Amino acid sequence: MQVIQWPSPEQQQRTARDIQDICSIPGVVGFIDGTHIRISSALQGEKDYYNRKGFPSIQLQVITVVVS
């Protein structure tokens, strides 16, 4: 079994340097993003699933920690 762990301070520094070299953004060890996944309908409380664009969806949020 593999367990996700926050990187050690040394890994964080190495990762921050690598990301800065690639993206020119200092002090970053990970990224966060989200998206709405369209659903055809919700079983109950359908109005609770409508997003700001006017269609029913669920939100997927992803956090990525880059370990170099």
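## Surface, fold and strand β2

The chain exposes about 5,900 Å², of which carbon and sulfur atoms supply 53%. The model is a predicted one, and its pLDDT averages 84 over the chain, with 90% of the residues scoring at least 70. Of the 68 residues, 18% count as buried.

As for contacts between residues at least 6 apart in sequence, 43% of them join residues at least 24 apart.

Part of the surface is a nonpolar patch of about 390 Å², made by I37, Y49, I58, L60 and V62. Strand β2 (residues 57-65) provides the largest share of this nonpolar patch, namely three residues.

| Residue | Relative accessible area | Class |
|---|---|---|
| S57 | 7% | buried |
| L60 | 40% | partly exposed |
| I63 | 63% | exposed |

S57, which lies in strand β2, counts as buried because its relative accessibility is 7%, under the 20% limit that applies to buried residues. The side chain of S57 is joined to that of H36 by a polar contact of 2.9 Å. Leaving aside residues up to four places away in sequence, S57 touches H36, I37, R38, I39, Y49 and N51; of these residues, I37 and Y49 are also named among those that make the nonpolar patch.

L60, likewise found in strand β2, is one of the residues that make the nonpolar patch. With a relative accessible area of 40%, L60 is partly exposed, because that class covers the values between the 20% limit for buried and the 50% limit for exposed residues.

I63 also lies in strand β2, and it is exposed because its relative accessible area is 63%, which is over the 50% limit. When residues up to four places away in sequence are not counted, I63 touches F31 and I32. The C-alpha atoms of I63 and D33 are separated by 6.7 Å, although these two residues are 30 residues apart along the chain.

Notes. Residues are numbered from 1 along each chain as its sequence is written. This is a predicted model: local features need pLDDT of at least 70, side-chain atom pairs count only at pLDDT 80 or more; totals for chains, interfaces and linings use all residues. Side-chain values use heavy atoms; hydrogens and water are left out. Patches are made of residues with over 30% relative accessible area and no salt bridge: like charges are joined within 9 Å, nonpolar side chains (Val, Leu, Ile, Met, Phe, Trp, Tyr) within 5 Å. Accessible areas come from the Shrake-Rupley method with a 1.4 Å probe; for residues, only the protein chains shown count as cover. A salt bridge is a side-chain nitrogen of Lys or Arg within 4 Å of a carboxyl oxygen of Asp or Glu. Helices (H or I, at least four residues) and strands (E, at least two) are DSSP runs, numbered from the N terminus. Buried means under 20% relative accessible area, exposed over 50%, partly exposed in between (1.4 Å probe, protein chains only). Contact means heavy atoms within 4.5 Å. pLDDT is the predictor's confidence in each residue, from 0 to 100. A polar contact is a pair of N or O atoms within 3.5 Å; within protein, one must be able to donate a hydrogen and the other to accept it, and residues adjacent in sequence count only if both atoms are side-chain atoms.
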